[in-house]
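Hi everyone, thanks for coming.

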Amino acid sequence: MNFNIKEIVTASMILFAVIDILGSVPIIISLRSKVGHIQSEKASIVAACIMVAFLFVGESILGLIGIDVNSFAVAGAFVIFFLALEMVLGITLFKDDEPESASVVPIAFPLIAGAGTLTSILALRAEYHVENIIVAIVVNIIFVYIVLKSSAKIERVLGKNGLSVIRKVFGVILLAIAVKLFATNVNQMLGN
């Protein structure tokens, strides 16, 4: 076992920035108002499982089905783009017939364990020991769980108008992230 505090802290900070669960609070609140209830435990556990599984077999799986990491990231950019459009324009694009599944899609994937997160995990794997990355994933999932669990309290503190403003601001930020993710990965795809 090669546990290293510096690697754990660095990997945790990178994943925290990429997951950006605080920035996703308006999306989480919006989904909760649509489906009534979000299963925080289920979303957190599924996201953790996806991330750990991808740490070990991510590149192999993508290679097996003939998808490179850039194509995966471009697909993730589209999902983020449409979620952002919902936030900015106040329209509904995401429809789900089974309310319980809102815990897995789109919260566990692609909101928490999305293309950006999974791509970052592959990049971290090249630099850090696996056990340190696993600890970083667990640290982030605990934080994600706390935010998901307290989304109702966050909503009460901000109020309806505060949420509306934050939702639009984060929607624009999310649009920018989607465009950047798309542009970067399309350039890399076309460059290859």
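Let me start with a definition: a residue is buried under 20% relative accessible area, exposed over 50%, and partly exposed in between, using a 1.4 Å probe and protein chains only. By that rule, Glu 41 is partly exposed, at 38% relative accessibility.

A quick word on where this comes from: the model is predicted, so local features need pLDDT of at least 70 and side-chain atom pairs count only at pLDDT 80 or more, while totals for chains, interfaces and linings use all residues. Residues are numbered from 1 along each chain as its sequence is written, and side-chain values use heavy atoms, with hydrogens and water left out.

Now, how many salt bridges does a search of the whole structure find? There are 2, where a salt bridge is a side-chain nitrogen of Lys or Arg within 4 Å of a carboxyl oxygen of Asp or Glu.

Glu 41 belongs to one of them, with Lys 149 as its partner at 3.3 Å, N to O. This pair links distant parts of the chain, 108 residues apart: Glu 41 sits in helix α3 (residues 40-64) and Lys 149 in helix α7 (residues 130-149). Helices here are DSSP runs (H or I, at least four residues), numbered from the N terminus. Lys 149 is partly exposed too, at 46%.

In the other bridge, the closest N and O atoms of Arg 32 and Glu 155 are 2.5 Å apart. Arg 32 is buried, at 18%, whereas Glu 155 is partly exposed, at 26%.

On to the pockets. On a 1 Å grid over the protein atoms alone, a pocket is an open set of points where a 1.4 Å probe fits, with protein on both sides within 12 Å along at least five of seven lines; lining residues have an atom within 4 Å of a point.

The largest pocket has a volume of about 530 Å³, that is, the space filled by probe spheres set on the points, which are joined across faces, edges and corners. Among its 28 lining residues, Val 18, Ile 80, Gly 116, Ile 177 and Leu 181 are closest to the centre. Which helix gives the most to this lining? That would be α8, with 9 residues.

The second largest pocket holds about 310 Å³, and α8 leads its lining as well, with 6 residues.

Conventions: Helix = DSSP H or I, 4+ residues; strand = E, 2+ residues; numbered from the N terminus.
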